[in-house]
Amino acid sequence: MRRVPKDRNLSPKARSRFLGLGLAFGFWVGAAHAAAVLANPMAAAGQWDITLADSNRSCRMTLRAEAAGSPAVTMPAGCRRALPILANVGTFDIPRADHIALADQAGKPVLDFAEDGKLSFIANGPEGETYHLVAISGPFVQSERVAQAAPKPPGFQTVETKPAESGAMPSRITSAMKPGDLAGRYAVLRDDNKDTGCMITLDDKARAAKGGFRATLAPACRDQGIVIFDPMGWQLLGGRLVLTARKGHTTHLDLQQNSTWAKDPKEGKGLSLKKLQ
């Protein structure tokens, strides 16, 4: 996103120079922001989702950091079965402002995540596999929300610098949505927009056991992958629809130009939700 002055009398050269300075300033502010929120383990405390790319294997872990005691990582027992690389993970560290390192109890690094987005990090495993780490709750998420809500300088307007990729809607649109905008029944589609015959209902009134609102899969579903995932909850986080499975792992979907919600391609086999009227 770029911010440009409303004054239309600027010459093309002056306007170009202004945008260049704006981008440089934005990069510097972003770097300073990362350094501020990840200065120590206390800033990273909270819930995080770790996902193995190109698979449906995911886990929600909790990073704990208290004044007395070493930082700790806790997770459901199923996480270590779904993601064996987490078998010995018991602690974490912030080696640099834009990194989160998961380590064993002896402090030996297991996965070193580098910042990949405002609330996400990425790491490579020992066999070249890729893992994604996304902040769900805690000081890191709160600081990002505060940054997004900061008042804009007078005399500026926000414009899109390029069309959204992969047919996704601009983030400025999805970030303004509310849970009530998503509530309802959805048909589940596969890669070629083929209807699987499965239907998911998103409720914005009833709460889910694992957080967020309740999601219900219709019993007539015969798609084995969807039945195994068995969505039980959902949330709207950062403009993304996040479905939570019965076992606690999650998948992320982005709103598309055709009004469907498409699963992040980094998370495995294609899937999308189409709202039913």
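Is Cys79 buried or exposed? Cys79 counts as buried, because its relative accessibility is 6%. Buried here means under 20% relative accessible area, exposed means over 50%, and partly exposed is in between, with a 1.4 Å probe and protein chains only.

Before I go on, a word on the basis. This is a predicted model, in which local features need pLDDT of at least 70 and side-chain atom pairs count only at pLDDT 80 or more, while totals for chains, interfaces and linings use all residues. Residues are numbered from 1 along each chain as its sequence is written, and side-chain values use heavy atoms, with hydrogens and water left out.

Now the disulfides. A search of the whole structure turns up two of them. The term is used for a pair of cysteine sulfur atoms within 2.5 Å.

One of the disulfides is between Cys59 and Cys79, with the sulfur atoms 2.0 Å apart. This pair links distant parts of the chain: Cys59 sits in strand β3, residues 58-64, and Cys79 in helix α3, residues 77-82, 20 residues apart. Helices (H or I, at least four residues) and strands (E, at least two) are DSSP runs, numbered from the N terminus. The link of Cys59 and Cys79 is right-handed, with 90° about the S-S bond. Cys59 also counts as buried, because its relative accessibility is 1%.

Another disulfide joins Cys198 to Cys221, S to S 2.0 Å. Here too the pair links distant parts of the chain, 23 residues apart: Cys198 is in strand β12 (195-207), and Cys221 is in the loop between β13 (213-217) and α7 (224-229). The torsion about the S-S bond of Cys198 and Cys221 is about 70°, so this disulfide is right-handed. Cys198 is buried, with a relative accessible area of 2%, and Cys221 is buried at 6%. If you number the bonded cysteines of the protein chain in sequence order, the pairing reads 1-2, 3-4.

Next, the sheet around β3. Eight strands make an open sheet in the order β4-β3-β2-β9-β8-β7-β6-β5, with antiparallel pairing. Two strands pair if DSSP finds at least two bridges between them. At the edges are β4 (72-74) and β5 (89-93), each of which pairs on one side only. From one strand to the next, the twist averages 30°. For that angle, axes are lines fitted to C-alpha atoms, for helices over the stretch in contact, and angles run from 0 to 180 degrees between N-to-C directions. Strand β2 (residues 46-52) and β3 run antiparallel and are joined by six bridges. Asp49 stands opposite Arg60 in β3.

Which strand holds Thr244? Thr244 lies in β15, residues 240-245, and is buried, with a relative accessible area of 4%. Not counting residues up to four places away in sequence, Thr244 touches several residues, among them Arg60, Lys210, Pro231, Met232 and His249. Contact means heavy atoms within 4.5 Å.

Last, Thr216, which is in strand β13. Thr216 counts as partly exposed, because its relative accessibility is 41%. Leaving aside neighbours within four places in sequence, Thr216 is in contact with Met199, Ile200, Thr201 and Pro231. Thr216 and Met232 are 16 residues apart in sequence, and C-alpha to C-alpha they are 5.9 Å apart in space.
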